[in-house]
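This briefing concerns the structure shown below and takes up its helix packing, its sheet, its local backbone geometry and the confidence of the model.

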Amino acid sequence: RQPQPFLLHSEFDCVAKMTKRIAVIGAGVIGLSTTLRLIANLENDALSYVVDVYATKFTPETTSDGAAGLWAPLLLDETPPELIRSWGKGTYDWLRFLMQQEMAGEIGVAPYSGYLYFTKDKFEGDPIYKDDVIGYRRVTAEEMEGIKFDLDTGCYFVSMMMQGNRYCYWLTESLRRHGVNFHKRKVASLSEFSGKYDVVLNCTGLGSYDLLNDHELYPVRGQILKVRAPWIKFFSIVTSEEGYAYCIPCVDYVVIGGTAQKGNWSEEPSAADRKGILDRCYRMIPSLKAAPVVGEWAGLRPARTSVRLEREELQCSTTSARLQVVHNYGHAGAGLTLCWGCAKDAVLLAYQALGISLKHKSSLTNNRFFEFINEAPKNFHSKI
C-alpha cells in the first residue's frame, strides 16, 4: 500500500497547479507565522510557489524580538472575545506541542506557571481562556498575602513562554530553508506589487498607519528590563490602580516591566520609566533587588480599535490590475499570543484570494506540521 501524504489543511481543494507568486510585508512574529503556515499548505498540496518577504526590520530588531513573550490573551478593544479565545487557543496548543520537542529550549519555548493579580474594576469574573489552559484556578486568600498592592483577587494557571528573539530566529531560518526570499526595504504603497504577485499578505503591524493611512492604529509603548534572577521560577503580573508590574522568566533571562503608554511613539528607553519599573517590581518581589540588570528595551505595540484580519481586493490607481490583499495586523501586545491562531485564518483567506476552493474541513495535527518544518522543501522556486 502506498503511503498517504499528510494533510495540513485538507479543506483546501487545490485546483490550480501553476506557480503562486506571494508577497508578505512584515517580518515580526505575525508575518513569519503566516508565511510558514501558508507555504506549508502550498507545499503539501504540491503547488509551486515563490514567496518574498519585505520588511524594514528583521530578527533580532523587530518588536516581537524584544517582547517578553508570555502567552496571555487579554481583551483587545473591540475585537470579539470569541476570536481572541480561538486565536489564543491555537497558539497555546502549538506551544504545548513545541515544548515537548528536543529543541524547545533552543527556540525559546517553555511552560511556566504563575499568577495574575488584579482589582475587580480591571477584570470582571474569569478570563476568557480559563477553560483552555492547564491548571486554571482562582487564587486563595493565603496566596494574596504578601502582595503589596491594593488588589482584590487573581488567578493561577500554566502559561507558555516563547522568548521572542529565539523563536523569531527559528521561524526565519525555517523559512529560508524552504526557499523564502527576504528583502530589507520599505514598501511605500501596495500598488508596487500590482501585476507582480497573486496575493499580498499585509502583516506590517504599526507600519499600516502610514502604508494604508490606517489611523485606527495607535502605538502602546512598552519598556522592559532584563535581569539575571535564576531563582524566579514562575510569572507574576499585577494590574491595579496603583500601577502595572510583571516579572516573567524566559529561557536566557527574566523580564521585568512594564509600561503601557498609549500614543507614545518613542522607542528610546526612559530613565523615569526604568525607575518606575524597578520600584514596582521590587515592591512586588523584593528579592529582585539582588538581580543585576543585563538589558533594557523599549518598543511599540501595534494597537488598533480591532484586530484587522480580512481579505480585500484593491484597484491600483497606477494600473488597471486588481490586487488581492490579506490583512493581518493590529494585535497590540498580543502578537506572540495570537500569532499561530491568526495565521491559520489568514491562510484560509489567502487560499480564497488565490482562487483555490475550499474542501471539507479537518484539523492538522501539530506533529504532522512539525514534520513539514523539518523535511526538505520540494516545490519552491527561488526565481521565476
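Axes are lines fitted to C-alpha atoms, for helices over the stretch in contact, and angles run from 0 to 180 degrees between N-to-C directions. Helices (H or I, at least four residues) and strands (E, at least two) are DSSP runs, numbered from the N terminus. The model is predicted, with local features requiring pLDDT of at least 70 and side-chain atom pairs counted only at pLDDT 80 or more, while totals for chains, interfaces and linings use all residues. Residues are numbered from 1 along each chain as its sequence is written, and side-chain values use heavy atoms, with hydrogens and water left out.

**Helix α3 and its partners**

- The axes of helix α3 (residues 81-98) and helix α9 (residues 366-374) come within 10 Å of each other and cross at roughly 65 degrees, which makes α3 roughly perpendicular to α9 (angles under 35 degrees count as roughly parallel, over 145 as roughly antiparallel, 65 to 115 as roughly perpendicular and the rest as oblique).
- The crossing of α3 past α9 is right-handed, a term that applies if the near helix is turned clockwise from the far one by less than a right angle, anticlockwise being left-handed.
- On the α3 side, Asp93, Trp94, Phe97 and Leu98 make contact with Asn366, Asn367, Phe369, Phe370 and Ile373 of α9, where contact means heavy atoms within 4.5 Å.
- The residues of this contact of α3 with α9 comprise six nonpolar, two polar and one charged (Ala, Val, Leu, Ile, Met, Phe, Trp, Tyr, Cys and Pro count as nonpolar, Asp, Glu, Lys and Arg as charged, and the others, Gly among them, as polar).
- With helix α8 (residues 335-353), the axis of α3 comes within 6 Å and crosses at roughly 105 degrees, which makes α3 roughly perpendicular to α8.
- Among the α3 residues that meet α8 are Ile84, Trp87, Thr91 and Trp94, and their partners in α8 include Leu336, Leu338, Trp340 and Asp345; by class, the contact of α3 with α8 has eight nonpolar, five polar and one charged residues.

**The six-stranded sheet**

- Six strands form an open sheet in the order β6-β2-β1-β7-β15-β14, with mixed pairing, and two strands are taken to pair if DSSP finds at least two bridges between them.
- The edge strands, β6 (181-184) and β14 (308-315), each pair on one side only, and neighbouring strands of the sheet are turned by 20 degrees against each other on average, direction ignored.
- Strands β1 (residues 20-25) and β7 (residues 199-202) run parallel and are joined by four bridges, with Ile22 standing opposite Val199 in β7.
- Helix α1 (residues 29-44) lies across β1, β2 (49-55), β6, β7 and β15 (322-329), and runs at about 175 degrees to β2.
- Helix α8 also packs on the sheet, where it touches β7, β14 and β15 and its direction makes about 25 degrees with that of β14.

**Local backbone geometry**

- The peptide bond from Thr59 to Pro60 is cis, with omega near 15 degrees, and Pro60 is found in the loop between β2 and α2 (63-66).
- A cis peptide bond also links Gly257 to Gly258, with omega near 5 degrees; Gly258 sits in the loop between β11 (254-257) and β12 (261-262).
- Asp77, in the loop between α2 and α3, has a positive phi of about 45 degrees although it is not a glycine.

**Confidence**

- The mean pLDDT of the chain (the predictor's confidence in each residue, from 0 to 100) is 89, and 89% of its residues reach 70 or more.
- Over residues 1-16 the pLDDT is below 50, and this stretch has 46 contacts in the model beyond near neighbours in sequence.
- Where pLDDT is low, the predicted coordinates should not be read in detail.
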